[in-house]
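Start with the structure, then read the points by topic.

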Amino acid sequence: MRDPARAADLLDWYDRHARDLPWRVGPRARAAGIRPDPYRVWLSEIMLQQTTVPAVKPYFEAFTTRWPTVSDLAAAEDADVMAAWAGLGYYARARNLLKCARVVAAEHGGVFPQGLEGLLSLPGVGPYTAGAVAAIAFDIPATVVDGNVERVMARLHAEHTPLPQAKPILTEMAAALTPQERPGCYAQAVMDLGATICSPRNPACGLCPWRSACAAWEAGTMAELPKKAPKKRKPTRLGIAYLVRRVDGAWLLERRPDKGLLGGMLGWPGSEWGEAPEEAPPIAAEWKALNTEARHTFTHFHLRLTVKTALVPMDRPPERGEFVEAEDFDPKDLPTVMRKAYDLARSG
DNA sequence: TACCCGTGGCT
DNA sequence: TAGCCAAGGGT
């Protein structure tokens with residue numbers, strides 16, 4: 001059940017209010033025949049997964065400056081890409097980003113697949129990202145459903161089924177509205193609407209191009225939609241991190257395994273994180289515990305990290321990890337929890 | 001299916 | 001302050 005008039009209202013709004021974003025080719029430029037670079041569209045969509053536009057901007061600029069094409073990225077060192085991603089979170093995205101770039105370079109001649117199925121087969125590309133790249137880069141009328149679209153649909157149709165149960169229903173609603181004309185602009189428009197007008201709190205209904213059709217507006221229930229299943233509370237885990245400095249200034253660091261939390265990232269050697277962590281010093285040394293813990297909250301638990309420091313001589317080999325020369329070490333290459341531990345150690 | 005996986009800004 | 005929230009995918 002298509003509704004071209006509804007889509008047209010939104011496209012009209014988008015033509016007047018589209019945000020200017022570094023990875024976006026705006027409606028005017030698109031109308032003039034300028035096509036977005038699929039590499040930049042894909043890169044931005046991966047970075048934007050569960051991540052806000054302001055957080056993504058500097059990373060997008062850094063990546064596209066350093067690796068202007070997908071083939072450049074495919075040729076990068078793993079450690080360089082992980083370091084460049086440090087701080088952005090969800091590090092599996094970075095590992096899959098590199099995998100995907102290498103697949104595109106090696107198996108597709110450096111050209112992104114131009115259909116939904118081909119895109120979906122790429123590492124790190126799921127239904128949302130495949131749809132977004134297909135629509136935005138290739139003007140395929142794919143239905144794009146992210147958190148914004150779910151919210152817009154739940155309100156537009158006053159759907160009170162809680163997420164994630166409501167996902168298939170909301171997806172069907174979104175599909176029914178997706179137009180054949182200007183699918184790239186439409187995909188960006190409906191997400192912009194959710195991001196700027198139909199926001200989670202205090203939606204700006206007075207400015208909404210779909211207000212007259214909105215069931216939640218009619219019923220006054222905008223603020224309670226979409227319904228969500230109650231969340232579990234996060235447990236607190238404890239851990240110990242060992243920050244070892246060699247007398248020449250080198251730091252003792254350890255590459256974390258590819259799978260699991262902070263997979264593939266550099267970090268300080270440490271204990272397991274749990275209810276009662278056992279000491280696990282990576283080198284023989286005289287330890288000094290800082291009087292302040294590093295606190296950090298991950299997706300599903302809180303962490304309180306005790307930081308212990310030591311200074312060791314040149315000739316003492318570590319049992320775990322490797323010394324990184326001071327000139328090769330940049331705390332910005334660390335995931336945030338590790339950088340917090342570093343900041344604490346430096347400030348005393 | 002349910003769980004795993006970061007981060008920073010906002011209220 | 002503690003919880004909520006954001007352009008999800010993998011397993």
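**Aromatic contacts**

Trp 268 counts as buried, at 4% relative accessibility. Buried means under 20% relative accessible area, exposed over 50%, and partly exposed in between (1.4 Å probe, protein chains only). This is a predicted model: local features need pLDDT of at least 70, side-chain atom pairs count only at pLDDT 80 or more, and totals for chains, interfaces and linings use all residues. Residues are numbered from 1 along each chain as its sequence is written, and side-chain values use heavy atoms, with hydrogens and water left out.

**Ring pairs**

- The whole structure holds 15 aromatic pairs. Rings of Phe, Tyr and Trp (its six-membered ring) pair if their centres lie within 6.5 Å; planes under 30 degrees apart count as stacked, over 60 as edge-to-face and the rest as tilted.
- Trp 251 and Phe 329 make a tilted pair, 5.8 Å centre to centre with 40° between the planes.
- Trp 251 is in strand β2 (residues 251-255) and Phe 329 in the loop between β7 (322-324) and α14 (336-347), 78 residues apart. Helices (H or I, at least four residues) and strands (E, at least two) are DSSP runs, numbered from the N terminus.
- Trp 251 is buried at 7% relative accessible area, and Phe 329 is buried at 12%.
- Trp 268 and Phe 329 have ring centres 5.8 Å apart and planes at 55°, so this pair is tilted.
- Trp 251, Trp 268, Phe 329 and Tyr 342 form one aromatic cluster.

**Charges over rings**

- The charged end of Arg 237 sits over the Phe 301 ring, 3.9 Å from its centre. The rule: NZ of Lys or CZ of Arg is within 6 Å of the ring centre and within 35 degrees of the ring normal.
- Arg 246 has its charged end over the ring of Phe 323, 4.7 Å from the ring centre.

Key. Chains lettered and ligands numbered in written order.
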